[in-house]
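Please read this report alongside the sequence and the model.

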Amino acid sequence: MTQLIGALFAFALIAAACGGDDEDEAAATTEAPAAADEMSDDMSDDMSDDMSDDMAENMMDLSGTKVTVFGPESSDEEAGALRDALDHFAAETGIEITYTGARDAADQINAQAAGGNPPDIFIFPQPGKLADFARDGHVIALPDDVIASMNEHWTPAWTAFGDVDGTQYGIPNKSDLKSLVWYKPALFESKGYGVPGTWDELKALSAEMIANGDTPFCIGIESGPATGWTFTDWVEDLMLRFHTPADYDAWVAGDLAFSSDEVSGVFNEVLDLWNTPGMVFAAGGSIAATPFGDNGQPLVDNDCMMHRQASFYAAFIPEGTVFADGSADAVDTFYFPSVKGDQPVLGAGTLVGAFRDAPEVWEVMKYFGSSEYAEVRQRSQTERKGGGLSGFLSAATNQDPSVYQPLEQSFLSILQNADVVRFDGSDLMPAEVGAGTFWTEGTAVVNGDKSVAEATQAIDDSWPG
């Protein structure tokens, strides 16, 4: 039984740094009204029930119209499931929908927009990029009926990511949950450990584990050119816990310096924990030399008791591992504990934005933000991944939870009930900081090559403008 701390939780690759698609590019065209040939008969029957009566009744005749969609998902499982979901909508509406996926879509869209040949809809991996395109006049503000449709399926905590200077330009269509700790409940129970409800309880539990000869955490931050992003995620989660959402927003915007007491204090909080003797198992010999993906096996092998990582991390846990089924070796998660008693969540995800003003485009945009899209895609992606954890999540409300595995259902509970949600901070900062000095200087302090004061000042100095 998955442990959740109350009701509380924008892939991107932990947005761009932590995952990968198997193909560089995938394209598919849905030709209405045929249903998707690649889906099983049972799946097609299930999906035929997903379109709400109201949506079907209000749909205008759009037969013969075309909509192009471009985005970063390109693997057989992810792009294939996205295509299946669009095939379903094409069969219902008569719209011919083409999806093209490329791992470097976030770079390609710059040239497409500048050259005047963007897709009708782009799947933005970061709110910051959507905001740039909105301010440059490339994407179109959402009409009132599209906003109303979006608001039927998403809470304000999530729609806020598509709001640019008070105008709504984007609709969330996929969610990632980062505020999680992976563990083995049966192992905890056998050793008399309880799930911590606060940050202080987590530190006390860690001290108890060390005293008993157990290693609390598996940690590694190596990730090729993106080395350091795991450290930044810890900082971001704790910034939301030690300080206010307004402080977090000011920090991400560059108005609260890294060298401030607030941010440097969180750096020290993370480092003090990690540097405690006996605290960390690092398979590579040191935290900075251990690939972030190499922590699943030692968790399963009981070399450590916990691993703080996002919902996508199930893909890095050894094949054959069982999740949240109550068995002796099952792996489960609990919510990364709060500091102040509130329940903030660090997340990520994708949003869709439109480049063309046309009825068919807006209908596809509405569908992307609907619970119907989330359910159809989840069913397809689960099947394409062999029936296990799909790797897809959506915080859209009113979904049928039965299309998700039990562990995924616990993620949804956190996602949909979060009262404070903030997007991964490094994804929102200027690239030279968020995907640059924040990573490199963070690695330097983890290695002990620089002090926190030196590293945070260097990050501040790299901020553009």
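## Helices α3 and α15

In this predicted model, helix α3 spans residues 76-93 and helix α15 spans residues 371-384. Their axes come within 8 Å. They cross at roughly 140°. The cut-off for roughly antiparallel is over 145 degrees, so α3 and α15 count as oblique to each other. The crossing of α3 past α15 is right-handed.

Which residues of α3 meet α15? From α3 come Asp76, Glu77, Glu78, Gly80, Ala81, Leu82, Arg83, Asp84, Ala85 and His88. On the α15 side they meet Tyr373, Val376, Arg377, Ser380, Gln381 and Arg384.

## Helices α12 and α19

A further pair is formed by α12 (residues 261-274) and α19 (residues 452-462). Here the axes come within 10 Å and cross at roughly 130°. That angle makes α12 oblique to α19. α12 passes α19 in a right-handed crossing.

The contacts can be listed by helix. α12 contributes Ser264, Phe267, Asn268 and Leu271. α19 contributes Val452, Thr456 and Ile459.

## Salt bridges

How many salt bridges does the structure hold? The count is 18. One of them pairs aspartate 176 with lysine 174, at 3.3 Å from N to O. Aspartate 176 has a relative accessible area of 5%, so it is buried. Lysine 174 is also buried, with a relative accessible area of 5%.

Lysine 450 and glutamate 441 form another salt bridge. Their closest N and O atoms are 2.9 Å apart. Lysine 450 is partly exposed, at a relative accessible area of 32%. Glutamate 441 is buried, at 11%. Elsewhere, salt bridges with shared partners join Asp120, Arg356 and Glu360 into one network. Arginine 356 is partly exposed, with a relative accessible area of 29%. Glutamate 360 counts as buried because its relative accessibility is 11%. In general, side chains of opposite charge can pair when their charged atoms come close.

## Threonine 290

Where does threonine 290 lie? It sits in the loop between β12 (280-281) and α13 (296-300). Is threonine 290 buried or exposed? Its relative accessible area is 0%, so threonine 290 is buried.

A polar atom of the threonine 290 side chain lies 2.8 Å from the backbone nitrogen of glycine 284. Leaving aside residues up to four places away in sequence, threonine 290 touches Ile219, Gly220, Ile221 and Glu222, among others. Its contacts also include Ala282, Ala283, Gly284, Gly285 and Asn295.

Aspartate 427 belongs to helix α17, which covers residues 425-428. Aspartate 427 has 14% relative accessibility, so it counts as buried.

What separates the C-alpha atoms of aspartate 427 and glutamine 126? The separation is 6.4 Å. Along the chain, these two residues are 301 residues apart.

## Positive phi in two loops

Most residues other than glycine have a negative phi. Two loop residues here carry a positive value. For aspartate 165, phi is near 55°, and the residue is not a glycine. Aspartate 165 is placed in the loop between β7 (163-164) and β8 (167-168). With a relative accessible area of 60%, aspartate 165 is exposed.

Asparagine 398 has a positive phi of about 65°, and it too is not a glycine. Asparagine 398 lies in the loop between α15 and α16 (406-417). Its relative accessibility is 58%, so asparagine 398 counts as exposed.

Notes:
Residues are numbered from 1 along each chain as its sequence is written. This is a predicted model: local features need pLDDT of at least 70, side-chain atom pairs count only at pLDDT 80 or more; totals for chains, interfaces and linings use all residues. Side-chain values use heavy atoms; hydrogens and water are left out. Helices (H or I, at least four residues) and strands (E, at least two) are DSSP runs, numbered from the N terminus. Buried means under 20% relative accessible area, exposed over 50%, partly exposed in between (1.4 Å probe, protein chains only). A polar contact is a pair of N or O atoms within 3.5 Å; within protein, one must be able to donate a hydrogen and the other to accept it, and residues adjacent in sequence count only if both atoms are side-chain atoms. Contact means heavy atoms within 4.5 Å. A salt bridge is a side-chain nitrogen of Lys or Arg within 4 Å of a carboxyl oxygen of Asp or Glu. Axes are lines fitted to C-alpha atoms, for helices over the stretch in contact, and angles run from 0 to 180 degrees between N-to-C directions. Angles under 35 degrees count as roughly parallel, over 145 as roughly antiparallel, 65 to 115 as roughly perpendicular and the rest as oblique. A crossing is left-handed if the near helix is turned anticlockwise from the far one by less than a right angle, and right-handed if clockwise.
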